[in-house]
Amino acid sequence: MNTMMDRCENCGDEYERLLSEEDDRSSATEDQRSERTPHHRQPQPVDTGRRVAYGFGHVFNDITAAIWFSYTMVFMQNVVGIPSTTAGFLLFFGQTVDAIATPFVGIMVDKFGKKKNWVLLGTVMEAISFPLIYYVWNLSIFVTTLIYICAILTFQMAWALVQISHLSLIPELTDLSLERGKLTSIRYVFTVSTNILMFIIAWLVFRGVRNNGNMGSLIGPNDSEKFQMLALIATTIGVFSAFIFHGLLKSPRNTNKKLMYRQNRQINFDKILQFCKNVHLYQVAIVFTTCKLLINIALIYIPLFINESAINESGTIASIPLVAYISSLITSIGVEYVKPYFKSDKAIFTIGSVISIFGSLLVFFNPNNALTYHYLCLAAICFGNTFLIKQ
């Protein structure tokens, strides 16, 4: 996978080169003047405090995404009582809004205001809308669905706003490629750590309920307060993390003009077409999409599967996803030690893919008896490798 990601980076480098050729030529004189300036400052590394502060900026998104994918279907079907087709539509609607909003948010964040201000706006919108998604309104199905649609619409737009604004801060914080890589790494560390924390909290919230051997009754209408509590805890952690981000991370006063987006530049369709002809772009896109699809399916449907299986303890809808994230964390650390033993990173990616397929087979062929929990734990360990190869 690293080889594939390297190719992706090469695609990005090629794209940046194509876009910046004209700007580099036009700014050559200005650069020479800057070099002759006695007070010209070289790019400085980002200190550890600012890196950590930056990582806190996406915690709210990480923790809400884990709850959104893992528990929305369970909550809508088993707690609210919405038909499965409607629950599936609400999840689909949320992802569609995210997909449509992302490019428009990118343009808007680019042209108007500071990035941190957009992160703040998205955080406020998220803090208001997210708890509303996991509240039981006790109204008609039609009215309840409309309320959820409005809440999901606001939440997904806010999520895209925070994500894009947070990512776009990286080139403003540093001009050094190595430092940008470190900021991206710290972002991934916070993502995995936040998801592990969230599932530990979810396990503490949901544990203790047993169905006495009756399949399909782990989670029900009586558990509405647990989902509300989980949503409020996630919101509290997210808002607190946002305070740390905004309080400790100071926005850069001056941004290198070369790194600014070319807002007033005429689009060169020939260069865009040349970039789109790069086959590596589509190879990486296919690999990433399929890995992401497997992850999302696992996160969405394993809790539903647990609720309808022979497992008789409600805490497992949190403990099994927790096993997957811990497996991902351990694998991400261990893979660095086994890389020297392989000639190519493609071999590591292939092994990870085979392990993930084996996990899917464990779920498909589970015996639906007392061994089901052990089958799903092994499957979760396998899926943890998919979290890694996606990166």
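**Rings, charges and burial**

Q: Where does the charged end of K116 sit?
A: A charge sits over a ring if NZ of Lys or CZ of Arg is within 6 Å of the ring centre and within 35 degrees of the ring normal. Here the charged end of K116 lies over the ring of F245, 5.9 Å from its centre. Likewise, R207 has its charged end over the ring of W203, 5.2 Å from the centre.

Q: What is this model, and how are residues numbered?
A: This is a predicted model, in which local features need pLDDT of at least 70, side-chain atom pairs count only at pLDDT 80 or more, and totals for chains, interfaces and linings use all residues. Residues are numbered from 1 along each chain as its sequence is written, and side-chain values use heavy atoms, with hydrogens and water left out.

Q: How many aromatic pairs are there in the whole structure?
A: Rings of Phe, Tyr and Trp (its six-membered ring) pair if their centres lie within 6.5 Å; planes under 30 degrees apart count as stacked, over 60 as edge-to-face and the rest as tilted. The whole structure has 14 aromatic pairs. In the pair F130 and F155, the ring centres are 5.2 Å apart and the planes at 45°, so this pair is tilted.

Q: Is F130 buried or exposed?
A: Buried means under 20% relative accessible area, exposed over 50%, partly exposed in between (1.4 Å probe, protein chains only). F130 is buried at 0% relative accessibility, and F155 is buried at 1%.
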